[in-house]
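Please look over the model below.

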Amino acid sequence: MEKAKVYFTKEITPEAVVKMYDALGITLPGKVAVKVHSGEKGNQNFLHPEFMRPMVEHVKGTIVECNTAYGGARNSTEKHRALIKEHGWTEYFDVDLMDAEGPDVVWPIPNGKVIKENYLGKNIENYDSMLVLSHFKGHPMGGFGGAIKQLSIGCASSDGKAYIHSGGKQRTQKRLWSNTCEQDQFLEAMADAASSVVKHFEGKIAFVSIMCNLSVDCDCCAVAEDPCMKDIGILSSLDPVALDEACMDLIRSSKDRGRDHFMQRVESRNGTHTIDAAAELGFGTKEYELIEI
């Protein structure tokens, strides 16, 4: 597989997000789903809708999200919609909670390492293309959260999230945490799920990751650590595997005094195993050319 192109800028502004998307030379067709993390109630690190607004408007997109599979303000449609409004997303955009009404859509993963099917919010099939806008940061279970996590956990329905977390053992969110799987199986299941989304939107999907507010905790945490590193920049690619690998390489090579704390979170969860598994599945490559803009 040829090296993927990954574009990078140290500038972190709403306008720079658009610039990094345009660098990809792609025009997403038809109805565009824009996958973001809308932020858990109480979280201080998520990227706010005002920051995303120029990019979403540039592609004339619809913000898409799914319900969670754990306690908090996003694990039911009613609560989640209220929080999305509270966080200001509906002030600027149409927002589609894709699993607000069942049944889920089930996409096959015939070559999956751990799971052979993916349960997603059914409204995902209403879209012709997808822009994955990721806030790159740490994560309490996955080690880090980037493009692959947005494709997998992010697009999965509430029950689909439970299915991934349990390594295919459980299809509903009830009693999820009593039925989790071995860590590497969870990481591989995320890669499996991500592969089905990339396949569905093949040739009509793009990825932009913003490396700021670099906490070891995810935007899904109501109580999250403050950022431990200085902001790094914005990256974009048509390859989600290369993009996550490039983001991790920028962390690894950083001289920031918070770098070791961030890497301890990633390494203690074996987080980069997700990238390795995704590369083995063949929907992206770890080999990339970093092009600074």
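## Basis

This is a predicted model, in which local features need pLDDT of at least 70, side-chain atom pairs count only at pLDDT 80 or more, and totals for chains, interfaces and linings use all residues. Residues are numbered from 1 along each chain as its sequence is written, and side-chain values use heavy atoms, with hydrogens and water left out.

## Cavities

Rolling a probe the size of a water molecule over the atoms shows where empty space is left. Here a cavity is a set of points, on a 1 Å grid over the protein atoms alone, where a 1.4 Å probe fits but cannot get out. Lining residues have an atom within 4 Å of a point. Grid points are joined across faces, edges and corners, and a volume is the space filled by probe spheres set on the points. The count is 2 cavities of 30 Å³ or more.

The largest cavity holds about 40 Å³. Its lining consists of Gly142, Phe144, Gly145, Gly146, Ile148, Lys149, Met190, Asp244 and Thr274. Helices (H or I, at least four residues) and strands (E, at least two) are DSSP runs, numbered from the N terminus. By class, the lining of the largest cavity has 3 nonpolar, 4 polar and 2 charged residues. Ala, Val, Leu, Ile, Met, Phe, Trp, Tyr, Cys and Pro count as nonpolar, Asp, Glu, Lys and Arg as charged, and the others, Gly among them, as polar.

The second largest cavity also has a volume of about 40 Å³. Val36, His37, Leu47, Met52, Leu133, Ser134, His135, Gln150 and Asp219 line it. Strand β7 (residues 129–135) gives the most to this lining, with 3 residues. The lining of the second largest cavity divides into 4 nonpolar, 4 polar and 1 charged residues.

## Nonpolar cores

In soluble globular proteins, nonpolar side chains tend to be buried together. A nonpolar core is a set of buried Ala, Val, Leu, Ile, Met, Phe, Trp, Tyr and Cys residues joined through side-chain atoms within 4.5 Å. Buried means under 20% relative accessible area, exposed over 50%, and partly exposed in between (1.4 Å probe, protein chains only).

The largest core has 51 residues; Ile124, Met130, Phe136, Leu235, Ile251 and Phe262 touch the most other members. Helix α8 (residues 240–252) supplies the largest share of this core, 8 residues. Another core lies apart from it, with 31 residues, among them Val17, Ile26, Met52 and Leu133.

Ile124 touches Met98, Val105, Trp107, Met130, Cys155 and Phe201, leaving aside residues up to four places away in sequence. Contact means heavy atoms within 4.5 Å.

## Helix α9

Helix α9 (residues 259–268) has Phe262, Met263, Arg265 and Val266 buried. Seen down the axis of α9, these buried residues fall within an arc of 155°, so they line one face of the helix. The arc is that of the directions from the helix axis to the C-beta atoms. The cover over the buried residues of α9 includes β8 (137–139), β9 and α8. Asp260 and Glu267 are exposed on the face turned away from the buried side.

## Two buried histidines

His80 is in helix α3 (residues 77–86). At 0% relative accessibility, His80 counts as buried. Beyond neighbours within four places in sequence, His80 is in contact with Ser38, Glu65, Cys66, Asn67, Ala73, Arg74 and Leu97.

His87 sits in the loop between α3 and α4 (89–92). Its relative accessibility is 14%, so His87 counts as buried. His87 touches Ser38, Gly39, Glu40, Lys41, Phe46 and Pro49, not counting residues up to four places away in sequence.

## Backbone exceptions

Most residues other than glycine have a negative phi, and most peptide bonds are trans. A cis peptide bond joins Gly102 and Pro103, with omega about -5°. Pro103 is in the loop between β4 (95–97) and β5 (105–108).

Lys60 has a positive phi, near 50°. Lys60 lies in the loop between α2 (49–58) and β3 (62–65), and at 72% relative accessibility it counts as exposed. Asn270, not a glycine, has a positive phi of about 55°. Asn270 is in the loop between α9 and α10 (273–281), and at 33% relative accessibility it counts as partly exposed.

Definitions and conventions:
On a 1 Å grid over the protein atoms alone, a cavity is a set of points where a 1.4 Å probe fits but cannot get out, and a pocket is an open set with protein on both sides within 12 Å along at least five of seven lines; lining residues have an atom within 4 Å of a point.
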